[in-house]
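Colleague: I would like to learn how to read a structure like this one, feature by feature. Could you take me through it slowly?

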Amino acid sequence: MDFERFLSSLEHSKDYRGQIAHIARSAAREPKYGDLAQPLHPSLDQHLRTAGIERLYSHQAAAVNFVLEGKHVVVVTSTASGKTLCYNLPVLHTQLTSPGKNALYLFPTKALAQDQLRKLKDFSLDGPRFGIYDGDTPTSARAGIRKNCHTILTNPDMLHVGILPNHTSWADFFRNLAFVVIDEMHVYRGVFGAHVGNVVRRLRRVCRHYGSVPQFIACSATIGNPAELMNKLTGVTAEVVDDDGSPSGEKRFVFWNPPYIGQGERKSANSEAAALFVRLVSSGIRNITFTKARVVAELIYRYAQSAIEDPALAERIMSYRGGYTPEQRRRIEKGLFDGYLLGVTATNALELGVDIGDLEACVLTGYPGTIASTWQQAGRAGRGRSSSLAILVALDNPLDQYLMRNPSYLLDARNEKAILDPFNAYILAEHLQCAADETPISELDLPLFGPDAERILQVIEESGQMMHSGNRWYWSGSGRPAPSVNIRSTGANGFDIRDIERPDSILGTADEAGAFHVLHEGAVYLHQGESYVVQKLDISEKAAYVAAKEVDYYTVPRSLTDVKIEAELSSRPEGLGTLHFGEITVTTQVTGYWKRQLMTDITLESIDLNLPPRSFSTMALWLTLDGPIPPDVSARKLGMEGGIHGLEHSLIGMMPLYAMCDRMDIGGASHVSHPQTGIPTIFVYDAHSGGVGITEAAYSRADELLAATLEAVAQCPCREGCPSCIQSPKCGNNNFPLDKQSAISIFRYLMQTR
């Protein structure tokens, strides 16, 4: 495809208003090969030759060698670099040469499991049998898969709630379990990662119960701390393979900034992405357009259907999201793989390694949140030696606009570290209960679960849900604990989300700490691609009742937040202020919400609510301004209050560049005179009970964070402050008061030398 001609056509179109901020080009890369230390089973050699693979890439050979030496391995290379062979070859070689050895493959999505099952079957081997065991597996087929398959493909959710609690039915499988494969390891960060880290530790206990000690093989997108992440996720130390030997074609990465349509307001990134999707499809360029929300993926798809004039072309596009049946998802994946579909709009469900064939381009609607995810999404186009085009369409927020002005940050930056804390007390307590229910916890198990495990077990024992006898802890609570533990969130005693038409069925759950923000009456709740509106929030029953409804808006809560410092763990001077890190209690009261229009983000209505305050403990960093207020700040109308509020917003907006997290994982508050410090104080905290390590990581890189945030705010061309610098889409006060110039002055004050 002639991408230069396509980009030129964009620049000469009637809708072009200087949106291209930068184009980065990278040259093609030649392959590097490696040699195996021992020959593979002849059946595997034959398969590779049939597939046209004469030699393995250097990283593939290194990984296979390490695994066959009996070592744990983590492979960290680019998208489409052939990581699947890094685990399939040694696992299958072992199963062919030592019959009876089992393997457990963990994937974060069902689509990946389906894709990898197809690749395993392509080997056409006599002996090893493979099967998927997840929520889509028919009940009638489960017993046969459990008893007859040597390799089980599943996900952490099913392992947590379906397999480990019923391990006695899996005794033969676990007794002979030789390998555990964790694909797309970088996905397991934050709250989800902390839960999965404990699920894996429970898996290791069950294996030990049956006398097996499996090897762990993990694959990941490029991240800054693969060895550390592997250890936190599994508890084992692994060899890192990160010298990518795969070839790549020429790549173009376009930074696309929507134009201004008014004073300090840019055109919606969603509408710009929709127009690009239509142009790509109309030009015959096979592409995938990523969005952050399922409903936006649907809206772009619907817009494209009406905008594409040729009916034959309009039939060759589709959206891909949760909520489709397994058969529908497989049909879309096949349509991409065989080339029938020209374009698909999708959430990050297709970011991961499902083989969807040779796409030529992709559009990223907003910075995905991490450098790793950015290159994962961009890497979905141009597999192998094919050239490709990726277009990042910027949202109107500080982080995206910073990248538009500083493309080198994204192009040259080191990869972020994936942050997770498997020993978070809230999460660990839940999994210790699950573990005790599976098999009694002995002193031998305690090191697996960290230094606080025994103390937490004692607390659970005091609550009456655990019994301690003979150096073992036994589950003594009612029922099975695993079904009540949602591994996608923190905190027990969450709120159930029920369809008002079928109140006995649970659509999902929400943390108690955040339930009032997302489940208040009138809130729009998205589930598997469908829109629901909350009809009733029953606080005493801890249940929200929702009704299916198609709406053209989303909701943003309005709230007031107070912070109490519980313990300061560390502090250091920061310019003319002081940076602190420690434990806090956050108390938030949701006072109302706004309705905002999809695609445009225009506020349609403001509605009041009367809900009680809620509190939770977490970890935070906070900045105190110890010296006199800068004169230019005190002279301004909004002064210190508007300045520290803007500083809080912009720090939160930039933090994903320094800790592998989503903006929604972080909260903040600012006080002109905090009751405990008595001086201006800005708090930024982990928005999950107990904390998940985000602000701790940011505290260690605060100098870089402050410098980048000051640059993002100071270089923004607006005068009064806008979504590109100090406004926040999740502000509980509707972005009032804010003062951009005061924020800049306070930033510079914090960066002076004492």
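Modeller: Let us begin with the whole chain, keeping in mind that this is a predicted model. The protein chain has 25 helices and 32 strands, and its C-alpha atoms fill a box of roughly 80 × 70 × 60 Å, taken along the principal axes.

Colleague: What radius of gyration would a compact globule with 754 residues have, and what does the protein chain have?

Modeller: A compact globule with 754 residues would have a radius of gyration near 27 Å, and the protein chain has 26 Å, which agrees. Of these 754 residues, 58% count as buried. Turning to contacts between residues at least 6 apart in sequence, 74% of them join residues at least 24 apart.

Colleague: How many aromatic pairs does a search of the whole structure find, and how do I read one of them?

Modeller: The search finds 16 aromatic pairs. To read a pair, look at the distance between the ring centres and at the angle between the planes, where an angle over 60 degrees counts as edge-to-face. The rings of tyrosine 16 and tryptophan 256 have their centres 6.2 Å apart and their planes at 65°, so this pair is edge-to-face. Tyrosine 16 lies in the loop between α1 and β1, whereas tryptophan 256 lies in strand β11, so the pair ties together parts that are 240 residues apart in sequence. Tryptophan 256, at 5% relative accessibility, counts as buried.

Colleague: Where do tyrosine 87 and tyrosine 105 lie, and what are the distance and angle between their rings?

Modeller: Their ring centres are 5.2 Å apart and the planes are at 85°, so this pair is edge-to-face. Tyrosine 87 lies in helix α4 and tyrosine 105 in strand β5, so the pair ties together parts that are 18 residues apart in sequence. Tyrosine 87 counts as buried, at 0% relative accessibility, and tyrosine 105 likewise counts as buried, at 0%. Elsewhere, Tyr133, Trp170, Phe173, Phe174 and Tyr210 form one aromatic cluster.

Colleague: Is serine 220 buried or exposed, and what does it touch?

Modeller: Serine 220, found in strand β9, has 0% relative accessibility and therefore counts as buried. Not counting residues up to four places away in sequence, serine 220 touches Val75, Val76, Thr77, Lys83, Met185 and His186. Leaving aside neighbours within four places in sequence, serine 43 is in contact with Leu96 and Leu125. Serine 43 and leucine 125 are 82 residues apart in sequence, yet 7.0 Å apart in space, C-alpha to C-alpha.

How values were computed. Residues numbered from 1 in each chain as written. Predicted model: local features only at pLDDT ≥ 70, side-chain atom pairs only at ≥ 80, totals over all residues. Heavy atoms only, no water. Phe/Tyr/Trp six-rings, centres within 6.5 Å; stacked < 30°, edge-to-face > 60°. Helix = DSSP H or I, 4+ residues; strand = E, 2+ residues; numbered from the N terminus. Buried < 20%, exposed > 50% of the residue type's maximum accessible area, 1.4 Å probe, protein only. Contact = heavy atoms within 4.5 Å. Rg over C-alpha atoms; globule rule 2.2 N^0.38 Å.
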